[in-house]
Each structure stands twice: as structure tokens, then as C-alpha cells.
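Welcome, and thanks for taking a look at this one. Please have the sequence and the 3D view open side by side as you read.

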Amino acid sequence: MTRLLEILISLAIVFALFLIVGVMLPSSRHLTEKTETNRKLTIVFDTMNSFRRFKDWNPLVLRDPRMQLSLSGPAEGVGAKLDYTSQEPRLGSGSYEIVESVPKQKIAININNIERGENKRTAFFFKPTGRNNRNVEITQTYDVDYGWNLLGRYAGLYVTRHIGDDMKMGLSRLVGVLTSVPNIDYAAPGFKMGTPKVVDRPAEDMLVVSAGQVDRGNAQIQASITSNAEWIKRTLEANSGVEAVGPLRIVTTDMGREKYTFDVVQVVRRKSGTGNVVVQGPVKFVQAPAGKVAVASYTGYMAELENTRNALRAWAATHGYEVKDRAYEDYKSGIANAFTENGQFDVYWPVK
């Protein structure tokens with residue numbers, strides 16, 4: 001009986017200590033981690049303002065590569081939501097939702113998961129830094145409330161090691177993701193590229209001439225385009241059942257320092273829908289399958305298109321699209337005008 005009483009007293013003391021220590025522990029936790037990137041502020045903000053690239057930087061997916069992710073709500077900004085489901089008991093199911101988005105300044109996200117605590121949220125703050133403000137400082141915060149949940153308060157003792165380590169890893173991976181994006185501020189004031197979008201491109205019949213390697217000079221490039229366009233014109237004249245659809249198109253293979261390698265293309269329509277196409281000279285008849293493309297308008301000199309292509313690729317990357325194949329442009333104002341400041345183009349890049 002005495003032994004039992006001693007055990008009960010010991011348990012009471014332990015429980016009392018548990019209560020006393022638990023009450024004294026913080027009822028909430030706040031963590032802060034920082035990193036820095038040399039990418040433009042536009043690139044950083046757009047990458048984080050949606051969940052399209054979540055799996056590329058957030059460590060959560062590393063714990064279960066088979067985790068199921070689903071997006072809902074707006075594509076970006078407030079209301080964008082990511083739900084996840086894992087068969088791993090320690091991960092379970094949860095969600096992330098953007099609840100505040102201040103352009104180029106702040107993104108706040110509510111977190112719902114199986115970890116102890118309530119009102120879990122993380123926020124990212126962006127600030128130009130470094131020499132001439134060329135870099136961007138990214139600050140991530142994490143907050144969780146435990147209230148009078150003493151078990152939660154005890155769990156808070158390990159939040160720095162668990163959540164804090166994840167924040168460090170996530171920010172490090174994020175910098176790696178940003179490094180792969182062309183460092184072009186496609187939203188800068190005065191930038192001549194229009195607002196990009198992703199559209200469905202239908203299957204196309206095309207007449208194609210490979211221009212090969214042409215010297216990097218406006219006169220040489222214009223002459224090559226003009227002569228190859230003439231072969232396409234001859235092919236159209238030789239096929240009364242085939243007509244041109246839209247402007248001439250240039251498909252870039254390589255824009256080197258001294259040479260420009262490209263194809264000259266004309267999308268066509270067979271009036272009867274079928275039938276053979278008789279080609280002339282170096283012209284080839286090609287059928288391209290349907291697919292998705294990122295597209296943006298551009299007005300200016302043809303020589304500036306390479307920068308616009310890279311800007312379009314940067315936009316696609318920050319919005320979670322992976323480019324493939326070759327970029328191309330529709331020369332909407334004709335060949336001659338393309339080499340003036342009044343050149344008008346639609347710039348395309350196929351995406352997966």
C-alpha cells in the first residue's frame with residue numbers, strides 16, 4: 001500500500017511539473033529565415049505567387065515522391081490553393097492557400113496540416129538588396145498558435161528543428177529553381193513584349209525551307225528570308241488547292257554570335273482537306289501536331305527578338321510551364337518592316 005502511494009505521489013508530481021512547464025512555454029512560435037538571389041524581382045514574385053512550381057522547391061514532396069498534388073482556385077494570387085494527399089501517416093493530407101498577395105512585396109499563405117497547432121501560416125517578403133539593388137532578399141516567416149494546448153506547446157520546442165530546417169532547405173532549393181530562369185524582367189516599364197498567355201495551337205500543315213546558317217547581319221538575314229519565301233510562293237502557285245494561312249513564320253534553331261540558323265515557314269490550308277502537295281526546290285511539306293504554346297506580342301526590330309524569346313521563356317518558367325522544341329515568330333508586318341522599329345510579331349514557344 002505504501003509503495004502504491006509513492007507511485008501515485010510520483011505521478012502527481014510529474015503531472016504537476018508537466019502542467020507548470022507547459023503553462024510557462026510559449027503559446028505560439030515565430031520563425032524567420034532569409035536568403036538572397038540575383039534574379040529580377042518580377043521573376044521571384046511570379047514564381048512564388050502560384051503553386052505551379054511548389055514541387056520544385058518545397059521539401060514536403062521530398063518526403064513522399066508519390067504524394068498527390070492538386071491545384072484549385074485562381075491560377076495565381078489570392079485564392080490559389082494546393083491540396084496534397086499522402087499515404088504516409090506522418091504526412092497525411094493538407095493544403096496551402098494564398099491569402100494575401102502584394103505585388104513584388106509579400107505573399108502570405110495559410111497552411112492546413114496534421115501537425116499540432118492552429119492558425120498555421122507562412123509568408124514571403126521580397127526586398128531589393130545588394131549593389132544597385134540588383135539582388136532580391138527573400139525572407140520567409142512561419143507562425144503557429146498553440147493556445148492552451150499543452151501538448152502543442154511542447155511540440156513547439158521542436159518547431160525550429162523541424163519547420164526551421166525545412167524553411168532553410170526550401171529557400172535553398174528555391175534559389176536553385178530561380179537560377180534556371182533567364183534573368184529578364186519581362187514586366188519592366190517600357191519592355192516591348194505584351195502580356196504572355198498560354199493557348200492551344202491546332203494541328204498545322206506547313207511549307208518549310210531550312211535557311212541553314214546565315215551570317216548575323218540584317219542584310220544577310222533579310223535576303224535569306226526573302227529568297228526562301230520565294231520558293232514557298234512558287235510552291236503555292238504550283239498547288240491551286242493549297243492557300244497560305246496567316247503571315248510568314250520564322251523558326252529559330254540557333255542564334256549564335258556570328259551565325260543565325262533558322263527555318264522559313266508558311267502555314268497552309270488544303271482547300272479540299274486532302275490531297276498531295278507538290279513542293280518546289282528546297283521546300284518541304286510538314287504536318288505539325290496540336291499542342292500548347294506560350295505566346296506574346298512584340299513590336300520593334302527583328303534583332304531584338306532573341307531577348308523577347310528569352311523573356312517569354314522566363315515568363316513560362318515562373319508560371320510553371322516547361323518550354324520545348326523551338327521558338328518561332330509570325331512576321332505580321334511583312335519581311336521588310338520586320339527589320340525596322342515598326343516590326344510587328346507574335347512570339348511563340350511550345351510548352352509541355
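Predicted model: local features only at pLDDT ≥ 70, side-chain atom pairs only at ≥ 80, totals over all residues.

The protein chain holds 8 helices and 16 strands, and 43% of its 352 residues are buried.

**Overall picture**

- Of the contacts in the protein chain between residues at least 6 apart in sequence, 67% link residues at least 24 apart.

- Strand β5 (residues 106–112) runs antiparallel to strand β6 (residues 118–129), and 6 bridges join the two.
- β5 and β6 make a hairpin with 5 residues between them, and Gly 117 in its turn has a positive phi of about 115 degrees.
- On to the next pairing: β6 is also antiparallel to strand β7 (residues 135–145), here over 10 bridges.
- Within that pairing, Thr 122 has Tyr 142 in β7 as its bridge partner.
- The hairpin of β6 and β7 has 5 residues between the strands, and Gly 130 takes a positive phi near 80 degrees there.

- Thr 139 sits in strand β7.
- With a relative accessible area of 11%, Thr 139 falls under the 20% cut-off and therefore counts as buried.
- Beyond residues up to four places away in sequence, Thr 139 touches Thr 32, Glu 33, Lys 34, Ala 123, Phe 124 and Phe 125.

**Helix α6**

- Helix α6 (residues 218–237) has 20 residues and spans 28 Å from its first C-alpha to its last, close to the 28 Å expected at 1.5 Å a residue.
- Its buried residues are Ile 221, Ser 224, Ile 225, Asn 228, Ala 229, Ile 232 and Thr 235.
- Why do they share the same side of α6? They cover an arc of only 125 degrees around the axis, so they end up on the same side of the helix.
- A helix has 3.6 residues a turn, so residues three or four places apart point the same way.
- Exposed residues Ala 219 and Glu 237 lie on the face of α6 turned away from the buried side.
- The buried residues of α6 pack against β9 (204–215), β11 (249–255), β12 (259–270), β15 (328–331) and α8 (334–338).

**Nonpolar cores**

- The largest nonpolar core has 75 residues, and those touching the most other members are Tyr 96, Phe 126, Ile 138, Ile 225, Phe 262 and Met 302.
- Helix α7 (residues 305–318) gives the largest share of this core, 7 residues.
- Another core, of 10 residues, lies apart from it and includes Val 251, Val 265, Val 267 and Val 295.
- Met 302 is in contact with Ile 221, Tyr 260, Tyr 331, Ala 338, Phe 339 and Phe 345, leaving aside neighbours within four places in sequence.

- Val 251 belongs to strand β11.
- Is Val 251 buried or exposed? Val 251 is buried, at a relative accessible area of 9%.
- Val 251 and Val 208 are 43 residues apart in sequence, and their C-alpha atoms are 9.6 Å apart in space.
- Setting aside neighbours within four places in sequence, the contacts of Val 251 are Thr 261, Phe 262, Asp 263, Val 265, Arg 326, Ala 327 and Tyr 328.

Key. Residues numbered from 1 in each chain as written. Heavy atoms only, no water. Pairing = 2+ DSSP bridges. Helix = DSSP H or I, 4+ residues; strand = E, 2+ residues; numbered from the N terminus. Buried < 20%, exposed > 50% of the residue type's maximum accessible area, 1.4 Å probe, protein only. Contact = heavy atoms within 4.5 Å. Expected span 1.5 Å × (residues − 1). Arc of directions from axis to C-beta. Core = buried A, V, L, I, M, F, W, Y, C linked by side-chain atoms within 4.5 Å.
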